[in-house]
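Thanks for coming, everyone. Let me put the structure up, and then we'll walk through it.

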2 protein chains.
Amino acid sequence: MKSIEEYIELINKKLDEYIPENIFPEDIFKAMKYTVTLPGKRLRPIMCLEACKIFGGDYEMALPTACAIEMLHAQTLIHDDLPCMDNDDFRRGRPTNHKVFGEANAVLAGDALLSFAPQIILKYSKDLGPEILIKIMEEYTRYAGAYGVIAGQVADIEAEKNWKNNIFGLKPEELLSFIHTHKTADLFKLSLRSGAIIAGADEEELNKITELGEKLGIAFQISDDILDETSTFEEMGKTLGKDKNSDKLTYVTLYGIDEAKNKLSCILAECCVMISGFERKSAVLIEIIEGIKKRVGI
Amino acid sequence: MKSIEEYIELINKKLDEYIPENIFPEDIFKAMKYTVTLPGKRLRPIMCLEACKIFGGDYEMALPTACAIEMLHAQTLIHDDLPCMDNDDFRRGRPTNHKVFGEANAVLAGDALLSFAPQIILKYSKDLGPEILIKIMEEYTRYAGAYGVIAGQVADIEAEKNWKNNIFGLKPEELLSFIHTHKTADLFKLSLRSGAIIAGADEEELNKITELGEKLGIAFQISDDILDETSTFEEMGKTLGKDKNSDKLTYVTLYGIDEAKNKLSCILAECCVMISGFERKSAVLIEIIEGIKKRVGI
């Protein structure tokens, strides 16, 4: 059994290995590697590996997929940070990708990761066999695309402009729920579902793990919304208070800090119950939940 | 046997069918569909269908893949046209994607297409079986990514700045060859190879069709470079003369118009010989070559 720290070390080693250096033209691989290897919690790949274990699989079989999902996550960060999107200068305490490599290369590095990530799965997971690989490709393309994380990003951008006016015909709370589900929870679901599929989980098990991904994703986003108000640049490594200053639609601007913390406690408790209900326990997932609680002091 | 016009009609119908409307949030699907369905020559999907026929396959089996490659091509156009890249306002006679939908949505529409295109292959080509599908995914992710079209785009951007100074340690003619191979010929190779793989072509056949894709791609790019100097906005639907004005590295700035036309004739003649060498002839590919000749008046 691996600890979170051991997982992070392993994932970092593999991320470094998978992305080559000194391949012409070097700029693009450097730009890809820069954001992918920024220090991070590696929540998504860890969830993928743990989901594989929960359903009786060998986590090593899920390593390429886990790392690919972290690459996909990095892609969303690179494009989210662009001047035409959130226009952020810092990410995880370092200058954002376009600040280092220029805007054009940052756009292309993100594009490249969107193909490179599934390429890594196809290249290093041949042992899974074509049927499982096709399933993983279906999951990846669904959650990475316009039905997944991008739906959340588009709604998020629209919401910045005029969420108080029921855009898309949605009430603010419905819109917020849509954004959280897609922008954040979809990559959590992709992580858990892929790990479970690699382990050979059945439909019922997949439904359960998807529900857990949805809850964990929402919880993580609420904790992020809380921290944007209460944390500092030094703690988070990125510019904070932007949500409040721009009157952005977040869990906190909509419900207030106290209600956000209550809701977060409640969802995390439900997650713990779900995790205990699986045949094989996951101390690591419980530890992740404790980490989220600690992060916001609940 | 289908004519080019019949192919174009069929491809346009399928492109329209594959990209849904009225799916929330609508902006992203509208933005994707806008550029994908701009009137175009549909060279890449036609090549895919014809390659399938050349090696004895049924072109209908290759339709989803052919359309997916056109979507990937549209993705490269959307991101290429962005202000931080080529900063173009017109494409195929219409305002570019970011001019209509805004920069953020154009970035996201491109991102979405990169996952949507393989999703279409996976969804509508199940009959090909998982082994062939995996091969197609390998081809797609390779040619779409940092080893393929993006390598060409990165080198192209670098070349704009200072190609006369042997950047990357390459002489201008070597750099130009690298850019043409990846930025243009790689999608031609992907189109022909995918069609051939769907038809069950063997390694030797794949090598031949790859060589044809390389030649056709280079020829097409030379013709584009010539037209940038000699054509008008009305004929091309985009702002021209930018290459010359910015002293960009192109076949024409490097070798001059006459030498470019000579080279083009020569490569196209080689292509005709290759096409005649396949067991099944392709009148459509020959017609495409005649079209390129006509385009530049040779």
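How many residues of chain A are in contact with chain B? The count is 49, and they meet 49 residues of chain B. Contact here means heavy atoms within 4.5 Å.

Some ground rules. This is a predicted model, where local features need pLDDT of at least 70 and side-chain atom pairs count only at pLDDT 80 or more, while totals for chains, interfaces and linings use all residues. Residues are numbered from 1 along each chain, chains are lettered from A in the order written, and side-chain values use heavy atoms, without hydrogens or water.

Now the interface. Chain A and chain B bury about 4200 Å² between them, 75% of it on carbon and sulfur atoms. That is accessible area (1.4 Å probe) lost on being put together, summed over both parts. In chain A, Phe24(A), Leu108(A) and Tyr147(A) lose the most area to chain B.

Next, charges. The rule finds 2 salt bridges across this interface. A salt bridge needs a side-chain nitrogen of Lys or Arg within 4 Å of a carboxyl oxygen of Asp or Glu. Lys126(A) and Glu138(B) form a salt bridge at 2.8 Å, N to O.

Which element of chain A gives the largest share of the side that touches chain B? That is α6(A), with 13 residues. Helices are DSSP runs of H or I, at least four residues, numbered from the N terminus.

Last, helix α8 of chain A, residues 149-162. Of its 14 residues, 11 are buried, meaning under 20% relative accessible area (1.4 Å probe, protein chains only). Among them are Val149(A), Ile150(A) and Ala159(A). Their cover includes α4, α7 and α9 of chain A, plus α2 and α6 of chain B.

Note on methods
Helices (H or I, at least four residues) and strands (E, at least two) are DSSP runs, numbered from the N terminus. The expected span of a helix is 1.5 Å times one less than its number of residues. Buried means under 20% relative accessible area, exposed over 50%, partly exposed in between (1.4 Å probe, protein chains only). Buried area is the accessible area (1.4 Å probe) that two parts lose on being put together, summed over both.
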